[in-house]
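Here's a quick look at one helix pair and a few salt bridges. Have the viewer open as you read.

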Amino acid sequence: MTTLAAPQLTGTGTLLRFALRRDRLMVPVWVAVNALMVLSMPNSLKGLYGTPADRADLLRQMETNSSLRALIGPVFDDSLGALTAWRVGVYAGALAAVMSLIVVVRHTRDEEESGRQELVASGTVGRRASLTAALLTALVANAALALLVTAGLAGQGATGALALGLGIGGVGLVFATMAAIVAQLTESARLARGLTAAVLGAAFVLRAAGDSGTDDGSSVLTWLSPLGWLENLRSFADERWWVLLLFLTAAALQGTAAYVLAGRRDVGMSFLPTRPGPAAGRLASASALAWRLQRGSVLGWSLGFLLAGLVYGGMTDGVADFVGDNDNAREIFQRMGGRTGLTDAFLASMVGMLGLIAALYIVSSVLRLHGEETSGRAEPVLANAVGRLRWAAGHLVIAFGGAALIMLLAGLGFAVGYGKQAGPIVGACLVQVAAVWVVGGVTVLLHGLAPRAAVAAWGVAGAILLIGWVGPALDAPQVLLDLSPFGHLPKLPGGEMRWGPVLTLLLLAAAMTAVGLAGLRRRDLST
């Protein structure tokens, strides 16, 4: 095993400061969105389950409702802190994992793919300095998140707050080191992100499968998932501090493996070489190349949304039993999904949630343009008989069309899982596309007019996600909810279809996209 000598870490401090400067917008947004999601829960849950009887009834419901346990996890105690850990713990851990893998891949494989790493390595920089700086950046982000969660929930119990904060940060570190390994194995940053995200998806599925069969988190499948470790840490419920050793051990082993692999390859190379593709045929056009680059992402998101629709649709019949006579829970569903009946309100709220997540897809897909441009791969394509608008159109068709496709598949999943109202549910999912396209238009606008600020589109999507997810639970004022394009959509199914707001959003998306493309056509390419 290669030893880590001090010269191999030369320049780590400088690279760390540079990484933190580059991420000065992205990381704070991710941390803030995640922390606010967690910290908003106690007040919301206090309104939902304000009496011991309400909380005891919730525990009884979760013991028998395997679908909800698969979605959220089991409940270990009836305190507000324990309910907060139950309601958002798994999702906060998943968001921390996504943040971490983005940060690590951005400062490792992305830099190598663009050629900047080779330039940096030509200076007085150690062989493993870049990897170390990337992992330290992820550590800083997760430490900040853990600190905010701990401080914000200390009023519910300092010990439980510390456990939950460390657990969420621990999940982030596990996937940061996992991303570090994958970045050594693959030659493409997009593939590195995709593979690490696939591992995260598998971890969620393992936890869900284990929790659906047991009500105490004791399943072997649950213990195979880092998200299951977070759950079994049992924050605010007789904490199991030894579970933190699992996070530390996994992070240490994976980090060591990443360092060993980094020392055994050349800059820009990988252990899994990219398969060469044909130079003609399906790749004879810019649109075909765009599809080749993005097809894996489209297929992955499509499968995920179809499965999500099936799961949520299958839960619909049991939502009335879960909510029962809890007027506060019913009110939240109605604020999210309309006041036309509990079942329709639940369906509308779940459809709206998938629409919010689809906004993340369209940002990622549109920013593929930014990645191709800054990496230098766009320049050889545009040097041929391919105009900028034609090149961009190939990616944008996939981004905007893919958003419509995944929402259509979600609607079909809902229809199959629920077994009723197929037409209205599919229509409700397609209505969400108008708001998703607005987010895509914002991303195109930023890329076309201010390419250096293009990554701020993630902040826009994160803010919209926060408003849509947390706003109704906190009974936020309508003026705040209206800042999100999703706040202007009709509440379907069950509500009245209003074409005016939908058409307005579509026109707004088209206008921003047109302005962004005009800016792309006239400005210099980024390098």
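What follows covers a helix crossing and then the charged pairs.

This is a predicted model, where local features need pLDDT of at least 70, side-chain atom pairs count only at pLDDT 80 or more, and totals for chains, interfaces and linings use all residues. Residues are numbered from 1 along each chain as its sequence is written, and side-chain values use heavy atoms, with hydrogens and water left out.

Take α9 (residues 129-153) and α14 (residues 244-262): their axes come within 10 Å and cross at roughly 155 degrees. Helices here are DSSP runs of H or I, at least four residues, and axes are lines fitted to C-alpha atoms over the stretch in contact, with angles from 0 to 180 degrees between N-to-C directions. The two are therefore roughly antiparallel (over 145 degrees). On the α9 side, the contact (heavy atoms within 4.5 Å) is made by Leu 131, Thr 132 and Leu 135, and on the α14 side by Ala 258, Tyr 259 and Ala 262.

Now the salt bridges, meaning a side-chain nitrogen of Lys or Arg within 4 Å of a carboxyl oxygen of Asp or Glu. The count is 6, including these:

| Pair | Closest N and O atoms |
|---|---|
| Asp 23 and Arg 106 | 2.7 Å |
| Asp 211 and Arg 207 | 2.6 Å |
| Glu 372 and Arg 368 | 3.1 Å |

Asp 23 sits in the loop between α1 and α2, and Arg 106 in α6, 83 residues apart. Arg 207, Asp 211 and Glu 231 are linked in a network of salt bridges.

Note on methods:
Angles under 35 degrees count as roughly parallel, over 145 as roughly antiparallel, 65 to 115 as roughly perpendicular and the rest as oblique.
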